[in-house]
Amino acid sequence: MEILNKLPEHRYVEVDDFLAFLGVHEDEKRLAAFKKGLSGLSRGGVVVEAGAGLGELSSVILDVIRPRKLYLIEENAIACDVLMERFSEYSNVEVVCSFIEDWEPQEEIDLLVQEFYGPLLYDESLEALNRLKFKPGAIFPNRGFLKYQVIPLESLDEPTVNKRIWEKFGGVLVSDIFWYFEDYKPEGVVLEWYNGKLRHYNVEIDPLKGDVLVFAVEVWHDENKLCDPILCPNWPFVFTPVMGKSFEFDFVYDEGFTEVVFKWY
Ligand SMILES: C[S@@+](CC[C@H](N)C(=O)[O-])C[C@H]1O[C@@H](n2cnc3c(N)ncnc32)[C@H](O)[C@@H]1O
């Protein structure tokens with residue numbers, strides 16, 4: 001989706017951000033995976049959903065966890081309006097239009113539910129969870145991985161992007177370009193996020209295996225995998241040309257936005 005007319009910057013950002021998350025709500029497999037994971041947690045208590053979007057996951061939380069109180073925190077003004085309308089009849093739901101990092105609850109929070117995973121794991125909002133003004137009893141999901149795989153361009157049967165064109169993307173991480181890629185067999189872990197800590201792994205790849213480096217995010221809760229790009233199509237695979245044996249990621253957080261720095265060395 002693309003906004004085609006000129007708008008004031010604030011309005012553009014608000015609508016553009018809203019549109020960016022619309023597809024999330026169409027991924028029923030993601031919702032089913034989160035529902036299964038939530039069903040293993042204890043019932044009741046005070047729950048907060050950080051970044052509640054249009055409220056699809058919020059309805060699942062209400063059904064499965066049956067919280068005494070559910071706070072829905074959402075920074076996007078359009079999504080926040082939708083949430084207020086959708087849950088206006090629920091006496092145990094309170095919608096707050098705010099960044100989760102700025103919100104100070106007036107009571108203890110038993111559980112924080114979030115879906116802040118980007119296609120490169122830490123490139124959306126997971127860092128916000130390190131900047132909370134409160135300490136929830138538990139976070140769901142609490143774990144995630146960025147995994148990698150190397151494949152030959154020929155194996156993709158790609159009609160347009162030949163070897164010469166592909167080489168021109170050196171150093172660029174691009175999602176969805178080979179949208180039909182399905183042969184996901186991860187070779188190792190690049191990043192792991194667990195209970196708020198991001199761990200970088202040293203990866204040495206074999207350039208003889210192919211010229212396409214594929215990245216995939218996996219959403220986990222403790223020992224259980226909930227999603228990867230095959231199980232939950234919301235998360236795209238990310239591709240980049242192989243330019244060496246080692247690379248590194250850095251994530252720079254600035255006012256609610258995480259920038260990704262990627263370098264070969
Ligand atoms: C991927 S969507 C998930 C929506 C919903 N939780 C679900 O799983 O269906 C992420 C939502 O979080 C919101 N968001 C992102 N960062 C946020 C932050 N720091 N504080 C509050 N909301 C945030 C976005 O505007 C978006 O609506």
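## A walk from the ligand to the domain contact

Let us begin at the ligand, which has 23 residues around it, the closest being Gly51, Gly53, Leu57, Glu115 and Ser125; a residue counts as near a molecule if its C-beta atom, placed from the backbone, lies within 6 Å of it. Three elements, β1 (46-50), α3 (56-64) and β2 (69-74), each give two or more residues to this shell. Sorted by class, the shell holds 10 nonpolar, 6 polar and 7 charged residues. In that sorting, Ala, Val, Leu, Ile, Met, Phe, Trp, Tyr, Cys and Pro are nonpolar, Asp, Glu, Lys and Arg are charged, and the others, Gly among them, are polar.

A word on the model before we go on. It is a predicted one, in which local features need pLDDT of at least 70 and side-chain atom pairs count only at pLDDT 80 or more, while totals for chains, interfaces and linings use all residues. Residue numbers run from 1 along each chain as its sequence is written.

Stepping back, the protein chain has 5 helices and 14 strands. Its radius of gyration, taken over C-alpha atoms, is 20 Å, close to the 18 Å that the globule rule (2.2 Å times the number of residues to the power 0.38) gives for 265 residues, so the chain is as compact as a globular protein of that length. Along the principal axes, the C-alpha atoms fill a box of roughly 60 × 45 × 30 Å. Of the 265 residues, 31% are buried, meaning that 20 or more other C-beta atoms lie within 10 Å of their own; exposed residues have 12 or fewer, partly exposed ones fall in between, and C-beta atoms are placed from the backbone.

The chain is assigned domain 1 (9-115) and domain 2 (144-264), with bounds from an automatic or database domain assignment. Where the two domains make contact, 9 residues come from domain 1 and 9 residues from domain 2; contact means C-beta atoms, placed from the backbone, within 7 Å. The domain 1 side divides into 4 nonpolar, 2 polar and 3 charged residues. As for the domain centres, their C-alpha positions lie 28 Å apart.

The largest nonpolar core has 56 residues, and Leu72, Leu121, Leu146, Val214, Phe215 and Val217 touch the most other members. Such a core is a set of buried Ala, Val, Leu, Ile, Met, Phe, Trp, Tyr and Cys residues joined through C-beta atoms within 7 Å. Strand β10 (residues 212-221) gives the most to this core, with 7 residues. Because domain 1 and domain 2 both give residues to the core, it lies between them. Leaving out residues up to four places away in sequence, Leu121 touches Gly144, Phe145, Leu146, Leu191, Trp193 and Val217.

Two more residues are worth a visit. Glu218 sits in strand β10 and counts as buried, with 23 C-beta neighbours inside 10 Å. Apart from residues up to four places away in sequence, Glu218 touches Gly144, Phe145, Lys147, Lys225, Cys227 and Asp228. Ile230 lies in the loop between β11 (224-227) and β12 (238-241) and is partly exposed, with 14 other C-beta atoms within 10 Å. Beyond its neighbours within four places in sequence, Ile230 is in contact with Glu182 and Tyr184. Tyr184 is 46 residues from Ile230 in sequence, yet their C-alpha atoms are 7.6 Å apart in space.

How values were computed: Helices (H or I, at least four residues) and strands (E, at least two) are DSSP runs, numbered from the N terminus.
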